[in-house]
Amino acid sequence: MSFDPEMVAAFVDGELDDLTARRIERAAETDAALAAEIVRHRALRAQLAEHYAPICDEPVPERLRSLLADGPKLDTSLADRRAARRSRFSTLHWGAIAASLVLGLTIGLRPWIPAGDVQTDNGALIAAGSLARALETQLASNQSAGAAVRIGVSFEDKAGRYCRSFESPGLDGIGCREGDHWRLERTLAGEGGSGDYRQASSGELAAAAAAMMRRDALDARGERAARDAGWMSRP
Amino acid sequence: MRFEEELVELLPRLRRFARGLARDASDADDLCQAAIERALKSRDQWQQGTRLDSWMYRITRNLWIDERRAAGRRGVHSPIDDAVTQVAGDGAAEVEAGALRGDVGGAMARLPDEQREIVMLILVEGYAYREAAEILDVPIGTVTSRLARGRETLMFYLGEAA
């Protein structure tokens with residue numbers, strides 16, 4: 001064989017100039033060892049391609065897709081969120097109510113809830129894991145586009161507890177601070193991510209939050225102050 | 001096309017590349033997620049008109065290398081990578097190679113990281129040598145020599161004719 005192995009590999013990889021490539025092709029017609037070497041390299045490429053190709057056909061997981069999904073997701077100010085909530089409430093109000101009738105909106109264990117993020121305590125749902133961390137520390141005014149849990153509005157409810165609406169891949173809802181944990185007052189299947197259902201879910205949460213508020217939602221400063229004070233409810 | 005839309009289109013290929021690097025499917029998707037987050041954060045650094053795919057592959061690969069190094073410092077050890085050094089003239093390896101025939105994943109797992117990433121880029125993702133060299137930020141001679149060694153090992157484990 002008159003070509004060194006790296007050159008044969010380069011030929012199979014399409015890295016040679018046309019002239020050299022043609023020389024190899026011609027030589028392979030009469031050089032059985034060279035022809036066999038080319039076949040060996042092509043077989044390896046084919047085998048690798050065949051092995052990895054199915055990954056490209058898999059559906060892309062929602063947790064990756066949602067990072068790049070349409071819609072506002074980065075540093076939306078609380079004022080914007082409130083405006084969005086108001087407009088959603090007015091335009092989606094009926095749709096949301098209709099959807100909630102279909103979905104049901106009660107407290108209880110749901111199969112879609114990611115196991116690590118929720119615990120039960122005497123029948124009540126309590127945020128755990130990354131959800132609890134997000135509710136505890138994440139600011140709506142300063143959350144990254146890639147955050148798994150997105151905080152919506154924060155507010156004081158009529159009982160004086162701090163509550164926060166959130167959206168996450170498996171679960172949307174409203175958590176209220178009680179003692180040292182976040183009790184989930186409203187839960188909806190998250191994830192949906194698309195179309196009418198998602199909008200109904202956002203509208204539903206906004207409507208539920210609005211109904212629970214004692215006064216206006218916290219602004220960015222109020223949110224930060226409440227967090228820094230450990231979400232201790234004021235008497 | 002919007003930056004995000006282009007990234008969405010890239011995702012299936014990027015997942016494949018990440019799977020080749022990280023091997024474990026959920027580790028690979030974690031890697032993709034980190035790469036997307038990094039890309040969104042530093043999108044200003046991507047120059048319009050240059051290839052977004054190469055840029056994303058570079059980010060993904062660098063994150064993976066960082067993670068591997070951090071794991072190394074923590075003392076997490078990957079015994080499989082050491083197996084490669086035993087290939088030549090080792091009777092046990094011959095037997096193992098027989099058992100691996102047709103097991104592409106198993107054969108790839110026996111490549112050192114720096115060979116596996118090049119095999120993925122060139123033989124699976126179809127990048128030219130020069131493009132792979134740019135993604136990995138190494139000289140082209142390094143690419144060809146690592147590729148040759150990776151190929152040799154794969155052919156050894158997978159057999160002559162596929």
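Which residues of the largest nonpolar core touch the most other members? In this predicted model, that core holds 44 residues, and L31(B), C32(B), A35(B), I36(B), V119(B), I122(B) and A132(B) are the ones that touch the most other members.

**Chain A**
- Chain A has eight helices and six strands, and from the N terminus on its elements follow the order α-α-α-α-α-β-β-α-β-β-β-β-α-α.
- Of the 235 residues in chain A, 31% are buried.
- Among the contacts in chain A with a separation of 6 or more, 58% are between residues 24 or more positions apart.
- Strand β1 (residues 118–121) and strand β2 (residues 124–127) of chain A run antiparallel and are joined by four bridges, and Q119(A) has I126(A) as its bridge partner in β2(A).
- The hairpin of β1(A) and β2(A) has two residues between the strands, and N122(A) takes a positive phi near 50° there.

**Nonpolar cores**
- The core of 44 residues receives at least two residues from α3 of chain A, and at least two from each of α1 (3–22), α2 (25–41), α3 (52–73), α6 (104–109), α7, α8 (129–136) and α9 of chain B.
- The largest share of this core comes from α7(B), which supplies seven residues.
- Another core, of 26 residues, lies apart from it, and its members include A127(A), L135(A), V153(A) and A217(A).
- When residues up to four places away in sequence are not counted, I36(B) touches L64(A), L67(A), L68(A) and G146(A) as well as L7(B).

**Where chain A meets chain B**
- In the contact between the two chains, 26 residues of chain A are in contact with 32 residues of chain B.
- On the side of chain A that touches chain B, at least two residues each are supplied by α1 (5–12), α3 and α4 (62–65) of chain A, and α3(A) gives the most, with twelve residues.
- By class, the residues on that side of chain A divide into 15 nonpolar, four polar and seven charged.

**Helix packing between the chains**
- Helix α3 (residues 32–57) of chain A and helix α9 (residues 140–158) of chain B have axes that come within 11 Å and cross at roughly 85°; α3(A) and α9(B) are therefore roughly perpendicular to each other.
- This contact is made by R40(A), L44(A) and Q47(A) of α3(A), together with R151(B), L154(B), M155(B) and L158(B) of α9(B).
- The residues in the contact of α3(A) with α9(B) comprise four nonpolar, one polar and two charged.

**Helix packing within chain B**
- Helix α7 (residues 113–124) of chain B packs with α9(B) at an angle of about 95°, their axes being 8 Å apart, and α7(B) and α9(B) are therefore roughly perpendicular to each other.
- On the α7(B) side the contact is made by E114(B), Q115(B), R116(B), I118(B), V119(B) and I122(B), while on the α9(B) side it is made by V143(B), R146(B), L147(B), R149(B), G150(B) and L154(B).
- Sorted by class, the contact of α7(B) with α9(B) has six nonpolar, two polar and four charged residues.

Terms used
Residues numbered from 1 in each chain as written. Chains lettered and ligands numbered in written order. Predicted model: local features only at pLDDT ≥ 70, side-chain atom pairs only at ≥ 80, totals over all residues. Axes fitted to C-alpha atoms, helices over the stretch in contact; angles between N-to-C directions. Parallel < 35°, antiparallel > 145°, perpendicular 65-115°, else oblique. Contact = placed C-beta atoms within 7 Å. Nonpolar A, V, L, I, M, F, W, Y, C, P; charged D, E, K, R; others polar. Buried ≥ 20, exposed ≤ 12 C-beta atoms within 10 Å, placed from the backbone. Core = buried A, V, L, I, M, F, W, Y, C linked by C-beta atoms within 7 Å. Pairing = 2+ DSSP bridges.
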